[in-house]
Amino acid sequence: MTRAARAALCAGAVGSLLAGCGASAGRVDGARAAGERFERALASGHHEAACRLVAPDTLAQLEQDDGKACAEALGAEQLPTAGAVRQTEVYGRQAQLSFEGDTLFLSQFSGGWKVVAAGCTPQGEQPYQCVLKGG
């Protein structure tokens, strides 16, 4: 094998590993689609639709903390405007979607991908700080 062929093969392998960390395109696309639906529902004020995309533990925590049903509680949260998706990473049944103005964390359930945390901002070496999260 020529030096150029080996370099091309290595570059392709590295690119494959970095794209979704080895997750299938379907899993990456599924997580991304769920996150985008959640953000579109929030942006358009369709809080009931957004609530259907929230993971059960996160939904329970939101309703407990606010003492209101999800749609009303979610409408009162100060979640940032997401903007366009910058990156989607999938690790097994977990995913992280980085938008221009927000970061979401999702988990895959039997009914599809659900948001477990939203309104998340990095804290350097510490875990992300999230406005919406489960208990």
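C130 is buried, its relative accessible area being 12%, where buried denotes under 20% relative accessible area, exposed over 50% and partly exposed the range in between (1.4 Å probe, protein chains only). The structure is a predicted model, in which local features need pLDDT of at least 70 and side-chain atom pairs count only at pLDDT 80 or more, while totals for chains, interfaces and linings use all residues. Residues are numbered from 1 along each chain as its sequence is written, and side-chain values use heavy atoms, with hydrogens and water left out.

The pLDDT, the predictor's confidence in each residue on a scale from 0 to 100, averages 85 for the protein, and 83% of the residues score at least 70. Over residues 1-21 the pLDDT stays under 50. For this stretch the model has ten contacts beyond four places in sequence, a contact being heavy atoms within 4.5 Å.

A search of the whole structure finds two disulfides, a disulfide being a pair of cysteine sulfur atoms within 2.5 Å. C130 takes part in one of them, joined to C120 with an S to S distance of 2.1 Å. The torsion about the S-S bond of C120 and C130 is about 115 degrees, so this disulfide is right-handed. The pair links distant parts of the chain, with C120 in strand β4 (residues 112-123) and C130 in strand β5 (residues 126-133), ten residues apart. Helices (H or I, at least four residues) and strands (E, at least two) are DSSP runs, numbered from the N terminus. C120 is buried as well, with a relative accessible area of 2%.

The other disulfide is formed by C51 and C70, whose sulfur atoms are 2.0 Å apart. The link of C51 and C70 is left-handed, with -95 degrees about the S-S bond. Distant parts of the chain are again linked, as C51 lies in helix α3 (residues 47-51) and C70 in helix α5 (residues 70-76), 19 residues apart. C51 counts as buried because its relative accessibility is 9%, and C70 is buried at 4%. With the bonded cysteines of the protein numbered in sequence order, the pairing is 1-2, 3-4.

Five strands form an open sheet in the order β1-β2-β3-β4-β5, with antiparallel pairing; two strands pair if DSSP finds at least two bridges between them. The edge strands β1 and β5 each pair on one side only. On average, neighbouring strands of the sheet are turned by 30 degrees against each other, direction ignored. β4 and β5 pair in the antiparallel sense over five bridges, and Q123 stands opposite Q126 in β5.

Two helices are considered against this sheet. α2 lies across β1, β2, β3, β4 and β5 and runs at about 55 degrees to β2. Helix α4 (residues 56-66) packs on the sheet, touching β3, β4 and β5, and its direction makes about 65 degrees with that of β5. For these angles, axes are lines fitted to C-alpha atoms, for helices over the stretch in contact, and angles run from 0 to 180 degrees between N-to-C directions.

The largest nonpolar core has 28 residues, of which F38, L74, L104 and L106 touch the most other members. A nonpolar core is a set of buried Ala, Val, Leu, Ile, Met, Phe, Trp, Tyr and Cys residues joined through side-chain atoms within 4.5 Å. At least two residues of this core are supplied by each of α2 (25-43), α3, α5, β1 (85-91), β2 (94-99), β3 (103-109) and β4. The largest share, six residues, comes from α2.
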